[in-house]
Amino acid sequence: MAAIKEPAAGAQEASEGVSLAQYAAVRAAVAEGFPLADVLAVEGLRPRAFARADLHWKERLAAEPELLAEYARWQELYRSYHAHFTKRGAPAE
């Protein structure tokens with residue numbers, strides 16, 4: 001799995017250095033069975049920072065109705081990354 005590098009802007013603004021796209025990629029990898037610690041290591045993220053970003057993104061998506069479109073994008077990204085990991089079966093070296 002390659003680290004996601006995407007500029008943060010507007011609704012995509014990163015929390016703890018985690019963009020919405022990267023958050024979706026991490027969540028999809030974990031849902032596919034990859035250990036969170038391994039995914040965070042590949043992504044170059046610290047566990048505590050990701051825990052704060054996780055809370056931030058969950059709260060922000062729930063609290064800001066105008067982000068519903070961005071949430072739909074998150075779901076699309078999540079499905080895309082999930083499909084990628086399902087096809088691959090193992091993280092990239």
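## Ala-53 and its surroundings

Setting aside residues up to four places away in sequence, Ala-53 touches Ser-15, Glu-16 and Val-18. In this predicted model, Ala-53 is found in helix α3, and with a relative accessible area of 0% this alanine counts as buried. Ala-53 and Val-18 lie 35 residues apart along the chain, and their C-alpha atoms are separated by 6.5 Å.

## The chain as a whole

The secondary structure of the protein chain comes to four helices and zero strands, and, read along the sequence, the elements follow the pattern α-α-α-α. The chain has 93 residues, of which 35% count as buried. Among the contacts with a separation of 6 or more, 72% are accounted for by residues 24 or more positions apart, and the pairing of Ala-53 with Val-18, at 35 residues apart along the chain, gives one case of such a separation.

Is Glu-16 buried or partly exposed? Its relative accessibility is 37%, and therefore Glu-16 counts as partly exposed, since the buried class ends under 20% and the exposed class begins over 50%.

The backbone at this position also deserves a remark, for most residues other than glycine have a negative phi. Phi of Glu-16, by contrast, is near 55°, a positive value in a residue other than glycine. Leaving aside neighbours within four places in sequence, Glu-16 is in contact with Ala-49, Arg-52 and Ala-53. The C-alpha atoms of Glu-16 and Ala-51, which are 35 residues apart along the chain, are separated by 9.1 Å.

## Helix α1

Helix α1 has twelve residues and reaches 16 Å from its first C-alpha to its last, which is close to the 16 Å expected at 1.5 Å a residue. The helix is mostly covered, with nine of its twelve residues buried. The buried residues of α1 are Leu-20, Ala-21, Gln-22, Tyr-23, Ala-24, Ala-25, Val-26, Ala-28 and Ala-29.

Val-26, found in helix α1, has a relative accessible area of 0% and is therefore buried. For Val-26 and Leu-40, which are 14 residues apart in sequence, the distance in space is 7.4 Å, C-alpha to C-alpha.

## How α1 meets α2

Two packed helices are described by the angle between their axes and the distance between the axes. For helix α1 (residues 20-31) and helix α2 (residues 36-43), the axes come within 9 Å and cross at roughly 145°, and the crossing is right-handed. On the side of α1, the contact is made by Gln-22, Val-26, Ala-29 and Val-30, while α2 brings Leu-36, Val-39, Leu-40 and Glu-43. Sorted by class, the contact of α1 with α2 has six nonpolar residues, one polar residue and one charged residue.

In soluble globular proteins, nonpolar side chains tend to be buried together. The largest nonpolar core in this model has 21 residues, and of these Val-18, Tyr-23, Phe-50 and Tyr-81 touch the most other members. The elements that give two or more residues to this core are α1, α2, α3 (47-63) and α4 (68-88). Which element gives the most to this core? The answer is α1, with eight residues.

Tyr-23, one of the core residues that touch the most other members, can be followed in more detail through its contacts. Not counting residues up to four places away in sequence, Tyr-23 touches Val-18, Phe-50, Asp-54, Trp-57, Lys-58 and Trp-74. Trp-57 and Tyr-23 are 34 residues apart in sequence, yet 8.2 Å apart in space when taken from C-alpha to C-alpha.

Terms used. Residues numbered from 1 in each chain as written. Predicted model: local features only at pLDDT ≥ 70, side-chain atom pairs only at ≥ 80, totals over all residues. Heavy atoms only, no water. Axes fitted to C-alpha atoms, helices over the stretch in contact; angles between N-to-C directions. Left-handed = near helix turned anticlockwise from the far one by under 90°. Contact = heavy atoms within 4.5 Å. Nonpolar A, V, L, I, M, F, W, Y, C, P; charged D, E, K, R; others polar. Core = buried A, V, L, I, M, F, W, Y, C linked by side-chain atoms within 4.5 Å. Buried < 20%, exposed > 50% of the residue type's maximum accessible area, 1.4 Å probe, protein only. Expected span 1.5 Å × (residues − 1).
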